[in-house]
Amino acid sequence: MGRGPYEKSGILRETSLAPLKSTHETFEIAYPFEDVEKDGKTRRELLKDELNVTVTLYYVPFGEFDGNEVVFFEEEKTIDLKTEWIWR
């Protein structure tokens, strides 16, 4: 082959979902804001107080969205950013 062990070994990240195991993912969503000056200080204020989020989990058997994909899970939720704001 002509390839040494340094080319055959590698570190791969496991990205598949294990069956019957809960998975926690974190996604950051950029939300529009406006810089407002009050009392000589600049602070950011959100343009809207609510955010509509739709989560759809697909199974794509051939790796492309070509009409063969299957929807496993779909949920739509309205989040009130004034009361449900979570700092982590």
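**Exercise 1. Decide whether R44 is buried or exposed, and identify its salt-bridge partner.**

Solution. R44 has a relative accessibility of 59% and therefore counts as exposed, where buried means under 20% relative accessible area, exposed over 50% and partly exposed in between, with a 1.4 Å probe and protein chains only. The model is a predicted one, in which local features need pLDDT of at least 70 and side-chain atom pairs count only at pLDDT 80 or more, whereas totals for chains, interfaces and linings use all residues. Residues are numbered from 1 along each chain as its sequence is written, and side-chain values use heavy atoms, with hydrogens and water left out.

D35 itself is partly exposed, because its relative accessible area is 47%.

**Exercise 2. Find how many salt bridges the rule gives, and describe the one that involves E45.**

Solution. The count comes to two salt bridges. In the one that involves E45, its side chain meets that of K38, at 3.4 Å from N to O. E45, at 27% relative accessibility, counts as partly exposed, and K38 is likewise partly exposed, with a relative accessible area of 45%.

**Exercise 3. Work out which class of aromatic pair Y58 and F65 form, and which class Y59 and F72 form.**

Solution. The structure holds two aromatic pairs, a pair being rings of Phe, Tyr and Trp (its six-membered ring) with centres within 6.5 Å, counted as stacked when the planes are under 30 degrees apart, as edge-to-face when they are over 60 and as tilted for the rest. Y58 and F65 lie 5.1 Å apart, centre to centre, with 85 degrees between the planes, and the pair is edge-to-face. For Y59 and F72 the centres are 6.0 Å apart and the planes stand at 40 degrees, so this pair is tilted. Because Y59 belongs to strand β3 and F72 to strand β4, the pair ties together parts that are 13 residues apart in sequence.

**Exercise 4. Determine which residues make up the nonpolar patch on the surface, and where L17 is found.**

Solution. The patch is formed by L17, V55, L57, Y59, V70, F72 and F73, which together have about 680 Å² of accessible area. Strands β3 (50-59) and β4 (70-80) each supply at least two of its residues. L17 is found in the loop between α1 (5-8) and β1 (33-38).

Technical notes: Patches are made of residues with over 30% relative accessible area and no salt bridge: like charges are joined within 9 Å, nonpolar side chains (Val, Leu, Ile, Met, Phe, Trp, Tyr) within 5 Å. Accessible areas come from the Shrake-Rupley method with a 1.4 Å probe; for residues, only the protein chains shown count as cover. A salt bridge is a side-chain nitrogen of Lys or Arg within 4 Å of a carboxyl oxygen of Asp or Glu. Helices (H or I, at least four residues) and strands (E, at least two) are DSSP runs, numbered from the N terminus.
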